[in-house]
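Colleague: I would like to learn how to read a model like this one. Can we take it feature by feature?

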Amino acid sequence: ALNHSYSHIITIDSDLQHDPSHINDFLKIDSKYLLVYGKRTFFKSMSLHRSLSNYITSKIISLICRKSIYDTQCGYRRYSLDLFKNVSFKEAGYQFESEILLKKINSNTDINYVNIKTIYNTSTSHMNYFKDTHKFIKCVLRELF
């Protein structure tokens, strides 16, 4: 018999940059992990400015959370539904990934990752670097103060 208890949710970006076949890899990870995130390989196919941006945001959020998170901007994730209890979110789009980490992940949080392939040659990024960087900074400052 299948146990249909839904204690996790999997998110995947809608820009076709992530291979849906990795979903089973996310499901196989022990349910004790509150967050399982997709870990992309940055330097193979990602442009330099995107690699640098992802590296910097990951370092900033990892420092604040006191937890090493290699790819904080990857939208391919498995969240425990417990992460959404007793919290309200203000961000949408790219900043949501940062906001949930800043609000709910700390040095005691059990997290894991799945190595994933990213497909850059078939999709176009909708990221506006100036606008989205500004939103990221506002999100970080709001959570710090």
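Colleague: Is Val36 buried or exposed?

Modeller: First, the ground rules. This is a predicted model, where local features need pLDDT of at least 70, side-chain atom pairs count only at pLDDT 80 or more, and totals for chains, interfaces and linings use all residues. Residues are numbered from 1 along each chain as its sequence is written, and side-chain values use heavy atoms, with hydrogens and water left out. Buried means under 20% relative accessible area, exposed over 50%, and partly exposed in between (1.4 Å probe, protein chains only). Val36 has a relative accessible area of 0%, so it is buried. Val36 sits in strand 2 (residues 35–39). Its C-alpha atom is separated by 8.8 Å from that of Tyr76, 40 residues apart along the chain.

Colleague: How many helices and strands does the protein have?

Modeller: The protein has 5 helices and 4 strands. Helices (H or I, at least four residues) and strands (E, at least two) are DSSP runs, numbered from the N terminus. Along the sequence the pattern reads β-α-β-α-α-β-α-β-α. Of the 145 residues, 39% are buried.

Colleague: How many disulfides are there?

Modeller: A disulfide is a covalent bond between the sulfur atoms of two cysteines. The test is a pair of cysteine sulfur atoms within 2.5 Å. The count here is 0 disulfides. Cys65 counts as buried, because its relative accessibility is 1%. Cys139 is buried too, at 0%.

Colleague: Which residues form a nonpolar patch on the surface?

Modeller: Leu52, Tyr55, Ile56 and Ile60 do, with about 360 Å² of accessible area together. Areas come from the Shrake-Rupley method with a 1.4 Å probe; for residues, only the protein chains shown count as cover. Like charges are joined within 9 Å, nonpolar side chains (Val, Leu, Ile, Met, Phe, Trp, Tyr) within 5 Å. Leu52 lies in helix 3 (residues 48–65). Leu52 is partly exposed, at 49%.

Colleague: Which helix gives the most to the lining of the largest pocket?

Modeller: Rolling a probe the size of a water molecule over the atoms shows where empty space is left. On a 1 Å grid over the protein atoms alone, a pocket is an open set of points where a 1.4 Å probe fits, with protein on both sides within 12 Å along at least five of seven lines; lining residues have an atom within 4 Å of a point. Helix 3 gives the most, with 6 residues. The lining has 25 residues, and Asn54, Gln73, Tyr94, Glu97 and Met127 lie nearest the centre.

Technical notes:
Patches are made of residues with over 30% relative accessible area and no salt bridge: like charges are joined within 9 Å, nonpolar side chains (Val, Leu, Ile, Met, Phe, Trp, Tyr) within 5 Å. A salt bridge is a side-chain nitrogen of Lys or Arg within 4 Å of a carboxyl oxygen of Asp or Glu.
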